[in-house]
Amino acid sequence: MNIKPIVGALLSATVLGISAPAFADTELKVYISSQHQPQVWRKVLDQFEAANPGTKVTIETGGNTSEAQAQYLNTIMSAKDSSLDVLILDVIRPAQFAAAGWTSPFAGKDMSVYLPAYAEANTVDGKVVALPAFADSMFLYYRKDLLEKHGVQPPKTWDELKAAVKKINGAENNPDLQGLSFQGKAIEGAVCTFLLPYWSQGKNLVDNGKLTFDKDAAVKSLKLWKSFVDEGVSKKNIAEVATDDTRKEFQAGNVVFAVNWSYAWAQSQSKDSAVAGKVGVTRLPAVTGGESATCLGGWEWGVSSYSKNQDAAKKLVEYLSSKDASKYMAANGSLLPTYASLYQDEDVLKAAPWFADAKQVVETAKPRPVTPRYNEVSEVIRTTVNAVLAGVTTPEDGAAQIEARLRRILR
Amino acid sequence: MTTQTIATSDRIEKAQPGWVKLLDMSDRALAVLLLTPAAVLLTLIIVYPVLRLGYTSFFSLSLTSGLPAEFVGFENYQLMFTDPVFWETTWNTVLITLITVPGALIVGMALALLANLPFGVQWPVRLSLLIPWALPLSFAGLIFAWFFHSEYGVVNDVLARFGIEGVIWFNSPNLAFAAICLTIIWKTSSFMALIILAGLQTIPRSLYEAADVDGAGRIRQFFEITLPLLKPAIVVALIFRTITALQTFDIPYMMTGGGPGTSTSTLAMYIHQNTVSFLDLGYGSALAVVMFALSMCVTAVYLRIIRTKE
């Protein structure tokens, strides 16, 4: 047997293998949340690759909720794993990532180009720890066609919403039609569920890192949500409903009103949506006598401090956070822009006309408490909301538990 | 032939004093040599982490604080006593163990006796025993989460066909707990059945034939022959099952996420939450030490039982 060709092949393979890195591209891996349309972000990455020959970007996704993604990233980052270069982070996480030293700061970055809320959310102790990916807040989605048919105006208060549902459901007489869908499962969205009516009463949860818990307002908030279940406005298994369940139910035409983030718009207008062209979006109702309040959402791009390609990763994040990328994602993925001027942009408004009024809502949206221990704060609130909606805990006990447990965390 | 054998054994006996000692020594050396890699591996992946866990449990170490680790003595353990969630999750874990271990034993025993019947074709029976066991825990959890879903689930659908109104399983702590226990029993009884089946097949048929001759009935045969001879297999199955029951994580995590509230959360889930979500490694380690101690106690009790049996 002649082994020369084999040896030759092996040798040349080795030579190629050794020499390959010399010409190789810089390879970057970006972690993107699966619920934020990685396929649309891919197009933005393609544009970046075209503008930066020699750089190759791949996407990693995983987990379908903010908590699942946080757990995954916590594992990766606490192991000081260098496999991810760029990470997308929920707006509530930069403080935690900064405290753990997991993201590389952007020295000298001018944050005034962004909406003020996002300049603030990404600056921790005077350092820019991440750059905004997109803005978001919660809105009230409603069935324009049903409201018009029954002569109902979009509700300004939660009580008006209840009355509207009773009127519409009474006339429609469709047992599959649910009045209001919101998030009752013990997920991040349930934190906002609790805070919406709480804030609407003019109360704050945290002021300057100190807990300013108002028990009466908390009881009132929990009672309001429970009353939607008890009065048949929302379905009885609302404690099982997560954010994307709300989106799917609404899209299937089974819901009159829904509390959701901006991403639900693009899908509600898609070809396979039962409600395309029948959807209205407006600001969330207030408690009677209060002001409308909404939860500040949005996600941020961070560079892993363990990335071996710091400069290339920062360049990519600057691009992903640029006005062009923001505009592309607004027009193609209905992700709200982080630049004020894009809310008046023609191309953006053609895709999502309601963005014209959305800027004001985002600008008045309230941030959830900013603390490195946010995961604990969140867990306390969401499990209590879940327990109250399932009827396991009374609103009074629930509020007392939230207060007692938050006091331990936010000392 | 015979003489040759004797001669050979004679020669060995004669050579024994010097030979065997040498052989013995090199055997021992060989044994040490062969065991070293396994010992090193075990030290690296079990002994070191366990010791490290115990060490960390005496520190205040939270990655969210931005502070370096600080020695706090037994503070993490003291914190546990006043932590209602710790007691709730520990109680849930104990309850799951007390319900699902005997549950899986009874169902597993029945399945093993069934599979041991002289079927014409054996493989479909064995295969159906293997499938639940081979399924990853989290898959089983996801599948049953859908089964018990109040709107789309097959359980409520079947109930409706019998004219019973479906319930919202995951809205009630008791129903959610029941659903979790049913799933765990379904998932783990096949493992019990496999071990018991192996035990059943070691029981000689002649014992039953003799019992038949003596006029013992089927039930008497089960209690006098099958059960006593199965005891070693059952104890082994119980040890494995109890330890995994104390570590229950995947199925409740996938089915309820611990809800409603924290009513179906287990100790393993609470450890995971403290370490992976809250990044409180000190407290999480202390909780893990408690779970480790709990598992060791249970194992010790079982080993005791085996020893007294012998």
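How many positive and negative side chains does chain A have, and how far apart do the centres of the two sets lie? I found 45 positive and 45 negative side chains in chain A, with the two centres 2 Å apart. Lys and Arg count as positive and Asp and Glu as negative, leaving out His and the chain ends; each charge is placed at NZ of Lys, CZ of Arg, CG of Asp or CD of Glu.

Ground rules I noted: this is a predicted model, where local features need pLDDT of at least 70 and side-chain atom pairs count only at pLDDT 80 or more, while totals for chains, interfaces and linings use all residues. Residues are numbered from 1 along each chain as its sequence is written, chains are lettered from A and ligands numbered from 1 in the order in which they are written, and side-chain values use heavy atoms, without hydrogens and water.

Next I looked up the build of chain A. I get 17 helices and 13 strands (DSSP runs: H or I, at least four residues, for helices; E, at least two, for strands). The C-alpha trace spans about 85 × 50 × 50 Å along its principal axes. I also noted that 55% of the 411 residues of chain A count as buried, meaning under 20% relative accessible area with a 1.4 Å probe, protein chains only.

Last, I checked where chain B meets chain A. The contact (heavy atoms within 4.5 Å) takes 26 residues from each of the two chains. On the chain B side, Thr64(B), Asn171(B) and Phe278(B) lose the most area to chain A, together 26% of what that side buries. Buried area here is the accessible area (1.4 Å probe) that two parts lose on being put together, summed over both. For this pair I wrote down about 2000 Å², with 52% from carbon and sulfur atoms.

Terms used
Buried < 20%, exposed > 50% of the residue type's maximum accessible area, 1.4 Å probe, protein only.
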